[in-house]
Every structure is written in C-alpha cells, then in structure tokens.
Amino acid sequence: MDIHPLLIVDGANVVGSRPDGWWHDRAGAAARLRDRLVPVAAAGVPPELPAPVEVVLVVEGAARDVPGVAGVRTVAAPGSGDDTIVDLVRDAPDRRRLVVTADRELRGRVGELGAEVYGPRWLPS
C-alpha cells in the first residue's frame with residue numbers, strides 16, 4: 001500500500017477557472033498549470049495536505065500531449081477527462097485521494113468513491 005496521498009488535478013477544469021487567455025493556447029496553459037504543481041509534490045498544500053504527495057494532472061483534448069515532469073505525472077484522457085479521473089480514484093482505494101475540480105458532477109462521482117474534493121482556488125498559485 002502506498003502511504004503517500006494521491007492528488008488528482010482536473011486539468012481542463014482548473015485551467016478554465018482562470019480567465020488568462022488559456023483558450024488561445026490550451027496546451028501552453030496546461031503546461032503552466034503542470035509547472036505550478038511541481039512544488040506541491042514536495043511541499044504538499046498545508047495544512048490540509050502534508051508532503052510528500054503523488055501529483056497527477058489529467059489532460060485532454062488539445063492539451064493531451066503535455067508531458068509530465070519530475071514531481072507531476074500527466075495522464076492523457078483517452079476520452080472523457082472526468083471518466084479518467086474517476087478511474088484513477090477507483091484504482092487507488094487504499095490511498096488518501098484528493099481531486100481538484102469545480103465540476104459539480106465529477107465532485108459527486110469521486111466523492112461517492114471516498115475521495116476528498118477541493119476547488120481550483122485551493123491550489124497554491
């Protein structure tokens with residue numbers, strides 16, 4: 001059993017929560033989000049999430065080819081990003097799982113599986 005918490009970030013939803021022109025370059029916006037998440041792997045998100053943390057960024061659509069980096073693994077959704085996130089939560093039943101999204105339906109789906117859910121503003125900027 002992996003004792004490190006699993007933090008799953010809904011890339012499309014979190015990127016879309018900030019009106020910074022992301023729609024002009026979705027892959028670039030996803031890469032910027034990925035880079036913002038790197039410190040979370042080592043530092044966590046105090047006080048709710050102590051380090052170390054496994055960070056997974058789920059990407060889809062035009063951002064599907066954004067690669068992972070040290071500290072952040074990317075998972076390219078083959079279809080629905082929401083379905084991929086649910087699968088990741090379901091596949092780690094013995095771990096603490098946290099999902100970052102503002103998507104109401106997704107929040108309900110992963111919550112039913114025992115995941116904690118936080119909104120995009122919860123992440124450090």
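Contact here means heavy atoms within 4.5 Å. The model is predicted, so local features need pLDDT of at least 70 and side-chain atom pairs count only at pLDDT 80 or more, while totals for chains, interfaces and linings use all residues. Residues are numbered from 1 along each chain as its sequence is written, and side-chain values use heavy atoms, with hydrogens and water left out.

**Stop 1: L98**

Select L98, in strand β4 (residues 97-100). Strands (E, at least two residues) and helices (H or I, at least four) are DSSP runs, numbered from the N terminus. L98 has a relative accessible area of 0%, so L98 is buried; buried means under 20% relative accessible area, exposed over 50%, and partly exposed in between, with a 1.4 Å probe and protein chains only. Leaving aside neighbours within four places in sequence, show the contacts of L98: P5, L6, L7, I8, L49, E116, Y118 and W122.

**Stop 2: L7 and the core**

Move to L7. Not counting residues up to four places away in sequence, L7 touches V40, L49, V53, E54, V55, V56, L98, V100, W122 and L123. L7 is also one of the residues with the most contacts inside the largest nonpolar core, which has 25 residues. A nonpolar core is a set of buried Ala, Val, Leu, Ile, Met, Phe, Trp, Tyr and Cys residues joined through side-chain atoms within 4.5 Å. The elements giving two or more residues to this core are β1 (6-10), α1 (11-16), α2, β2 (54-59) and β4. Helix α2 provides the largest share, 7 residues. A second, separate core has 15 residues, including V58, V86, V99 and L106.

**Stop 3: L33**

Next, select L33 in helix α2 (residues 26-43). L33 counts as buried because its relative accessibility is 2%. Beyond the neighbours within four places in sequence, the contacts of L33 are V9, G11, V14, V15 and L57.

**Stop 4**

How many aromatic pairs does a search of the whole structure find? The search finds 1. Rings of Phe, Tyr and Trp (its six-membered ring) pair if their centres lie within 6.5 Å; planes under 30 degrees apart count as stacked, over 60 as edge-to-face and the rest as tilted. The ring centres of Y118 and W122 are 4.1 Å apart and their planes are at 20°, so this pair is stacked. Both Y118 and W122 are buried.

**Stop 5: the ends of α4**

Finish at helix α4 (residues 104-112), where D103 caps the N-terminal end. A side-chain oxygen of D103 lies 3.0 Å from the backbone nitrogen of E105. Just after α4, look at G114, which takes a positive phi of about 95°.

Key
A polar contact is a pair of N or O atoms within 3.5 Å; within protein, one must be able to donate a hydrogen and the other to accept it, and residues adjacent in sequence count only if both atoms are side-chain atoms.
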